[in-house]
Amino acid sequence: MAFASPIGAVCHALGILEEDGMTPNLALFPRICSRTSGSTAGQEDMTDKEIHDRDIKWLEKSDVVIAEVTQASLGVGYEIGRAVAMNKKILCLFRQSADKRLSAMIRGAENGNSFIVNDYKEADVDAIFEEFFNSKETKENGN
């Protein structure tokens, strides 16, 4: 199976990729990976309210949140904000490039503990995930 991002491959390896095999840009652990930004697969018959409420339930069930934030997304930003309000541990991954700049609201929220921002290259993802999931704070959240 091919993945559009290294995060999708890692989620698949961890057994948390959605059944439809879509690459996530927001992973809600322990078992849920959200859709690729802008995707509507499986949501054709859902109202905006139903999608919102489902995603909030996923956030409430999650222990930690992982967001790929290279591509700006209002929905992902909203979900990150809600996760902060729920005191979730958050890992944001940003792939640097000359034409991209991470929002100051994300970069500035990093506190080195419950809100982590990592600039990454594809080769670094496994190590970043291992460090994140093995951290004391993540283990205290139930992982």
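Me: Is Asn87 buried or exposed?
Reply: Asn87 has a relative accessible area of 67%, so it is exposed (buried is under 20%, exposed over 50%, partly exposed in between, with a 1.4 Å probe and protein chains only). The model is predicted: local features need pLDDT of at least 70 and side-chain atom pairs pLDDT 80 or more, while totals for chains, interfaces and linings use all residues. Residues are numbered from 1 along each chain as its sequence is written, and side-chain values use heavy atoms, without hydrogens and water.

Me: Where is Asn87, and what is its phi?
Reply: Asn87 sits in the loop between helix 3 (74-85) and strand 4 (89-94) (DSSP runs numbered from the N terminus: helices H or I of at least four residues, strands E of at least two). Its phi is near 60°, a positive value in a residue other than glycine.

Me: How is a pair of aromatic rings described?
Reply: By the distance of the centres and the angle of the planes. Phe, Tyr and Trp (six-membered) rings pair with centres within 6.5 Å; planes under 30 degrees apart are stacked, over 60 edge-to-face, the rest tilted. The structure has two aromatic pairs. In one of them, Phe132 and Phe133 are edge-to-face, at 5.3 Å centre to centre and 75° between the planes. Both residues are buried. Ring pairs join Phe129, Phe132 and Phe133 in a cluster.

Me: Which residues have the most contacts inside the largest nonpolar core?
Reply: A nonpolar core is a set of buried Ala, Val, Leu, Ile, Met, Phe, Trp, Tyr and Cys residues joined through side-chain atoms within 4.5 Å. The largest has 15 residues, and Val69, Ile80, Ile90, Cys92, Ile106 and Phe115 have the most contacts inside it. Apart from this core lies another of eleven residues, including Val64, Ile66, Tyr120 and Phe133.
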